[in-house]
Amino acid sequence: MDMVKTDWKMYLLGFGLLNMIIVSCIWLLLHAINPADMKLMYPIFPSYRFVYEWIITASKFGTTIFEAVLLVGIILNEYKNKTILILFQYPYPRWKLLLSKILLIGLLAFTFFSCTTVVSFIGFMTMNTFDAMIYEPITSLLSVHLILEIMIQGLGTVAIGFIPLFFGMIHKSVKTTWITSTLLAFLIHLPINAPNERMIYGTKPILYIPLAIAGIMVTVHFIYQANNRDVS
Amino acid sequence: MNLHVKRGEIHSLIGQNKAGITSLLKLLTGLWKPTSGEIELFGERIDKNAYLYLEKMGSVIESPIFYEHRTGFENLMIHGAYLGIYDHLQIIDALALFDLQGMEHNPVRSYSFGLKQKLGIIRAIVMKPELLILDEPMKGLDPIEKKELRQVIRNINHQYGTTVIISSHHLEDLEQITDTVGVIHDGKLIKEEAMEQIKAKSLAYIDLTTDDDHKTAYLLEKKLHIQHFQVLHSGQIRIFKSPLPVHEIVNQLVTHHIQIHEITQNQHPLERYILNCNKGSEKH
């Protein structure tokens, strides 16, 4: 894994900032906007479900961007700087080398997603103890059902985050990877539903599942192509 | 193409640009996959998915490539880690072979091309491979560094019995270290010969073009006592195995009022050998 200490510092800084932004945004929404107006738009306001939906949306958005950083650092740059030529001269099958990179990116992105969700939630809860806005009991939200939901959402987001790899690898372009990932983050993960629907944020399974499958197909295609093609 | 590389020898591959040497080396190192035909190396057939043979091999193909933001030492550590070696001593030993001018703990991006080339060669030999493949290793090196490199290649070859396949356009450097020469033209091996044979076949000579070949011949034979010479055509005389240095011959000719139009000294048997090979292949 080609990551130096400064890279890690950058990622941790990004992670910290994202969490702060998420918690601050929710705090502002709860405090600055008239509750009656908010209730018209979001019937579940104010509740932990509302907060959770906001956090998960921001986590998905942040994870897609973070995954693009990883794709560029761990895969694209290897091709762009031609260090992949050195890697492919080691006595390992190419597919194993590339699969390990993909798994590493997936693991790091999933950890980023889970940590962002959990830390932001804990951050909000801590702030809520000092200045209470939501009074409902928290026990149900910490149920296995919610953890499972976070895991499924996380895996789906990570899988979708691999789609930019397909476009980036066409011309081994870092720029294309960034643009695709930003577009994906804006189009897929930001609010797209009309008001007064229960699921305000995130995407519907009808779009989410095929996109996650597409992400997996992209990684399979990438490994297959790299395994069989000449590198120069 | 059937290369006959004996275990423990230094085998040079020489050819014009785009002759196909780098392509051949990329096929050997597994960077390129053969579209047809097959490769046999170490007595084993190398198919599209073979990779274990790579652990017996070290190589520098085209330009040396590194993680530029890392130091030279870190790059070598990464290399060792991929090959399951975490012993710093092995890396320090390899670094001692080549003088990196104390730059091993600086980021590679601050290195000159010659220094990168050296680091690339250190990385290739750090694991003491059975086969070392070097593509244009002399490129970007100054005369002192080239001399150092020749010495390193010889040492590796003698101490560890490493077989070396080397491709270069620096014929005068190859001449000093190679055991066998393979000439590649247009993707085909057109000749393969031992360096000793090439040297034996090639006689060093001096070509003289003067205004009076009769007078020159007389002077060479009677005054300078040079027996082995040949009058090629009017004004051009080829002197073989001259007992006198060139400047002495020139002095004598000038003293006897013979005008010298041209003087050429042939000292590089490998260069002439390659030129002859290429002439031959172009005729075909």
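This is a predicted model: local features need pLDDT of at least 70, side-chain atom pairs count only at pLDDT 80 or more; totals for chains, interfaces and linings use all residues.
Figure 1. Among contacts in chain B between residues at least 6 apart in sequence, 69% join residues at least 24 apart. The chain has 10 helices and 12 strands. Of the 284 residues in chain B, 47% are buried.

**Figure 2. Chain A, a chain with nine helices and zero strands.** Along the sequence, chain A reads α-α-α-α-α-α-α-α-α. Contacts in chain A with a separation of 6 or more come to 80% from residues 24 or more positions apart. Buried residues account for 51% of the 232 residues in chain A.

Figure 3. The relative accessible area of Thr219(A) is 9%. The limit for a buried residue is under 20%, and Thr219(A) is therefore buried. Leaving aside residues up to four places away in sequence, Thr219(A) touches Ile102(A) and Phe162(A).

**Figure 4. Packing of helices α2 and α4 of chain B.** Helix α2(B) covers residues 72-82 and helix α4(B) covers residues 113-125. The two helices pack at an angle of about 25°, and their axes are 10 Å apart. Angles under 35 degrees count as roughly parallel, and α2(B) and α4(B) are therefore roughly parallel to each other. The crossing of α2(B) past α4(B) is right-handed. On the α2(B) side of the contact are Gly72(B), Leu76(B) and His79(B). They meet Leu119(B), Ile122(B) and Arg123(B) in α4(B). By class, the residues in this contact are three nonpolar, two polar and one charged.

**Figure 5. Strands β9 and β11 of chain B.** Strand β9(B), residues 205-210, runs antiparallel to β11(B), and five bridges join the two strands. Within this pair, Asp207(B) stands opposite Arg238(B) in β11(B). Strand β11(B) comprises residues 236-240 and is mostly covered. Four of the five residues of β11(B) are buried. As background to the view, side chains in a regular strand alternate between the two faces of the sheet.

**Figure 6. Glu62(B) in the loop between β4 and α2 of chain B.** Strand β4 of chain B covers residues 57-60, and Glu62(B) is found in the loop between this strand and α2. Phi of Glu62(B) is near 55°, a positive value, and the residue is not glycine. The relative accessibility of Glu62(B) is 35%. A residue counts as buried under 20% and as exposed over 50%, so Glu62(B) counts as partly exposed.

**Figure 7. Asp186(B) in the loop between β7 and β8 of chain B.** Asp186(B) has a positive phi, near 55°, in a residue other than glycine. At Asp186(B) the relative accessibility is 61%. Exposed means over 50%, so Asp186(B) counts as exposed.

Note on methods: Residues are numbered from 1 along each chain as its sequence is written. Chains are lettered from A and ligands numbered from 1 in the order in which they are written. Side-chain values use heavy atoms; hydrogens and water are left out. Buried means under 20% relative accessible area, exposed over 50%, partly exposed in between (1.4 Å probe, protein chains only). Two strands pair if DSSP finds at least two bridges between them. Axes are lines fitted to C-alpha atoms, for helices over the stretch in contact, and angles run from 0 to 180 degrees between N-to-C directions. Angles under 35 degrees count as roughly parallel, over 145 as roughly antiparallel, 65 to 115 as roughly perpendicular and the rest as oblique. A crossing is left-handed if the near helix is turned anticlockwise from the far one by less than a right angle, and right-handed if clockwise. Contact means heavy atoms within 4.5 Å. Ala, Val, Leu, Ile, Met, Phe, Trp, Tyr, Cys and Pro count as nonpolar, Asp, Glu, Lys and Arg as charged, and the others, Gly among them, as polar.
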